[in-house]
Amino acid sequence: MSFTEYTKESWKGSVITSPLPPVLVSCGTEEKPNVLTVAWTGILCTQPPVTYISLRKERFSYDIIKDSGEFVINLPTAELVRAVDYCGVKSGRDTDKLKDTGLKVSKASEVTAPIIVQSPVNVECRVREIVPLGTHDMFIADIVKVDAAKELLDDKGRLALERAGLLAYAHGGYFPLGAKLGSFGFTVRKNKKKKKHSKGK
Ligand SMILES: Cc1cc2nc3c(=O)[nH]c(=O)nc-3n(C[C@H](O)[C@H](O)[C@H](O)COP(=O)(O)O)c2cc1C
């Protein structure tokens with residue numbers, strides 16, 4: 001394999017990892033919900049499934065999530081980009097972001113925090129630990145349920161998330177995902193179909 005090689009300038013440490021998902025985090029209750037955009041998120045463990053979000057203390061959502069111990073990570077699609085940005089620059093302290101954006105909430109399966117209807121995948125989380133780090137506190141949370149769009153299930157019941165048009169965040173910009181280049185382990189996987197085909201040749 002041969003790839004582009006880069007020469008480097010060395011900078012002080014900063015938060016440049018890209019791309020990230022700019023997720024919509026919903027909290028509160030179905031009757032009194034709030035939503036904020038969070039890019040500092042990811043997976044910490046597969047089994048048990050553990051995730052995190054890092055929040056500044058001054059976010060209106062911070063105390064809601066701390067007090068309830070629950071939140072939902074709603075995966076955003078490119079279609080939702082305006083709502084994603086808006087929920088990341090306006091505070092629930094000053095306005096009803098759901099009303100402003102047209103985002104709708106409904107009841108989650110397990111947690112009290114509501115899910116966002118227009119997001120194809122809702123990750124229901126229960127906080128296990130809050131780790132103060134500096135500007136942000138990391139909320140480490142168990143993923144207790146996942147709600148997946150029936151519209152994206154294929155005939156085998158597999159979630160065809162590649163059809164959702166997920167949104168990415170990189171270096172201050174929002175981007176749609178590009179074309180699929182491969183899938184997990186594709187460099188070593190034997191292509192059964194191809195093999196069969198080539199046998200006949
Ligand atoms: C793309 C994007 C990513 C963001 N990521 C985070 C984050 O990871 N943590 C955080 O505390 N705030 C983050 N913010 C800022 C909050 O979403 C923003 O301050 C929001 O207004 C807080 O809403 P609230 O006061 O209703 O809780 C992000 C904003 C944008 C636009």
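In the predicted model, an oxygen atom of the ligand lies 2.6 Å from an N or O atom in the side chain of Ser-91, a polar contact being defined as a pair of N or O atoms within 3.5 Å, where within protein one atom must be able to donate a hydrogen and the other to accept it, and residues adjacent in sequence count only if both atoms are side-chain atoms. The protein covers 89% of the 640 Å² of accessible area that the ligand has on its own (Shrake-Rupley method with a 1.4 Å probe; for residues, only the protein chains shown count as cover). The model is predicted, and local features need pLDDT of at least 70, side-chain atom pairs count only at pLDDT 80 or more, and totals for chains, interfaces and linings use all residues. Residues are numbered from 1 along each chain as its sequence is written, and side-chain values use heavy atoms, with hydrogens and water left out.

The shell around the ligand holds 22 residues, of which Thr-37, Ser-61, Lys-90, Ser-91 and Gly-92 come nearest (near meaning that a heavy atom of the residue lies within 4 Å of the molecule or strand). Two or more shell residues are given by each of β2 (33-38), β4 (50-56) and α1 (60-68), and β2 contributes the largest share, 4 residues; helices (H or I, at least four residues) and strands (E, at least two) are DSSP runs numbered from the N terminus. By class, the shell comprises 10 nonpolar, 8 polar and 4 charged residues, where Ala, Val, Leu, Ile, Met, Phe, Trp, Tyr, Cys and Pro count as nonpolar, Asp, Glu, Lys and Arg as charged, and the others, Gly among them, as polar.

A pocket is here an open set of points on a 1 Å grid over the protein atoms alone, where a 1.4 Å probe fits, with protein on both sides within 12 Å along at least five of seven lines, and its lining residues have an atom within 4 Å of a point. The largest pocket is lined by 27 residues, with Thr-37, Val-38, Ala-39, Arg-59 and Gly-88 nearest its centre, and this lining divides into 12 nonpolar, 8 polar and 7 charged residues. At least two lining residues come from each of β2, β4, α1 and α2 (81-87), with β2 giving the most, 4 residues.

As for the backbone, a cis peptide bond joins Gln-47 and Pro-48, with omega about 5°, and Pro-48 lies in the loop between β3 (41-45) and β4.
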